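Here are my notes for your review. Please read them with the model open.

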Amino acid sequence: MDRQQRRSARPVPLLLLLLLASAVPSALAHDHHDADMNFDTGESMGGVLKAHIVLMSIAFGALFPVGLVLGLRKNKWHVPVQATGGVLAIVGFVLGHAHGGRAFPDNAHSKFSWFMLWLLIGQLGAGIYLKLHTERRFNDRLRPFIRIAHKIMAIVMVVATYVQVLLGVVAWLGYCYDGYFGQCLAHLIMGSSFLAYGVWLLLLVRLATPWLSRVGRSPELYDSALIMVWGLFNTFTEHGFVEEAHGWSHKDLQHTSLGVIWFCGGLLSTYMLRKSTPADRSMFPGIILVFTGCAMGAHEQDTHFSTQVHFVFGLSLVLAGLTRCLEIMLITTGLVRSTSKTPNPFQYIPVFFLCHSGMAFMSANKENVAAIEAMGIDIGTFSLAYLSISFLLFLYAYFLMQLYIDLGNRDEKNTSLPTSEDGVAYHPVTQAADRTSQDIPRDPHVLFDAADEGILEHNDRDAVGRVRRYRDSPRSSDEIELGPMRND
């Protein structure tokens, strides 16, 4: 970047700082979220709050994730997309703390927004520093650490965005207050864990196959380790961790026993795969999902409708586990083939059922089930609605990963030689040497390097003579013969 471009880029950070300076006083002066009001007040949301939701959805739901992918691929649109998202997010932050209309009780969404703000400031500040290419004095040593911090904050931003959106939905619906906090938190955390498990499997299917080949480990090794750690955490947090417990209920026993089976099954599978290769697979993670789904499907609830909702959740887990086992069987026996570029379509089935199971479990908290049942919605309509949401979430994750792949393919195409799809025929040196003079086009571009003569057979003097004649031609400078596509 030359000096003139750097000067033109300097007003952008100043404008962002001015926006932040104007946002903080407005937010500090606003105490609207401390109002002691409930969700069922009948108040309208107001245009300012709706604008807040729209701007934040565009910034954190679309621009920042796409900007992250563009940044990973070092695309020229990374900075404009992230800068636009930053401006929208700052404006949305101001609107969210200065809106009229409906008043909300003190909630985690408004408190967590401050963490999001400072994370955004740090992310934009690191990006501005890297864009200015300042390398004088100590900056040449500081720059690598800023680059690492910039990437880490981008990843944290994705996870924090999901948490903030979830907290926003909870605040809007007025859930998880009073005595419902413990069970609501459990459903949100466990449902999110199943959803994250599905996204993790999608990441392995779409992007991580070369990485797995490089590190030389089985895909199920990481699944098993995560299941083991999560089972250990779940074992000691299901009874009296968030709220004081008085005795053991059948729900406490069942939830704790699920943590125990996750820990024991994950430990077994992790030990079996400790020296595994990418070709070694394990069905134990799938079996754990099957047993978990069976237990949750038979989980008795306070109402019949809530029992049906848990049955749908359990059924999704059973299908995820069975299809995962079937996928491993088909791949290990060679009945289906999968590569890093073209995964087998069947591999997406367990991913989707895991995503749907996460959505179903998050929707199964008491307040949401009671509200849905009070509206007169049956289990069929309820299941189809959350299936639709699961499809959209799957599409969202798949789109980002496919965008990453497409940008990489575009970069490779821009820096590589033409392919046969471009109407150019490629012939290795040995094939070119064996071709007769009638097979060679009238005006070919045959480009050989002198070192390539060593791979020709020494007893084929005519072939060597043809190679030398083409090598001595004025157009020779490479090792590939380019010519028009032949129709024979």
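This is a predicted model: local features need pLDDT of at least 70, side-chain atom pairs count only at pLDDT 80 or more; totals for chains, interfaces and linings use all residues.

1. Start with helix H10, residues 250-272. H10 has 23 residues. From first C-alpha to last, H10 reaches 33 Å, close to the 33 Å expected at 1.5 Å a residue.

2. Next, look at which residues of H10 are buried. The list includes Lys-251, Asp-252 and Gln-254. Also among them are Leu-258, Trp-262, Gly-265 and Gly-266. Their cover includes helix H7 (181-206) and helix H9 (219-235). Helix H11 (284-297) and helix H14 (366-374) are also part of that cover.

3. H10 also holds Ile-261.

4. Ile-261 belongs to a nonpolar patch on the surface, with Met-283, Ile-287, Phe-291, Leu-326 and Met-329. Together they have about 480 Å² of accessible area. H11 and helix H12 (304-332) each give two or more residues to the patch.

5. Now the cysteines. How many disulfides are counted? The count is one. The disulfide joins Cys-176 to Cys-184, with S to S at 1.7 Å. Both Cys-176 and Cys-184 are buried. A disulfide is a covalent bond between two cysteine sulfur atoms.

6. Two further cysteines deserve a look. Cys-264 counts as partly exposed, because its relative accessibility is 43%. Cys-355 counts as buried, because its relative accessibility is 4%, and buried means under 20%.

Notes: Residues are numbered from 1 along each chain as its sequence is written. Side-chain values use heavy atoms; hydrogens and water are left out. Helices (H or I, at least four residues) and strands (E, at least two) are DSSP runs, numbered from the N terminus. The expected span of a helix is 1.5 Å times one less than its number of residues. Buried means under 20% relative accessible area, exposed over 50%, partly exposed in between (1.4 Å probe, protein chains only). Contact means heavy atoms within 4.5 Å. Patches are made of residues with over 30% relative accessible area and no salt bridge: like charges are joined within 9 Å, nonpolar side chains (Val, Leu, Ile, Met, Phe, Trp, Tyr) within 5 Å. Accessible areas come from the Shrake-Rupley method with a 1.4 Å probe; for residues, only the protein chains shown count as cover. A salt bridge is a side-chain nitrogen of Lys or Arg within 4 Å of a carboxyl oxygen of Asp or Glu. A disulfide is a pair of cysteine sulfur atoms within 2.5 Å.
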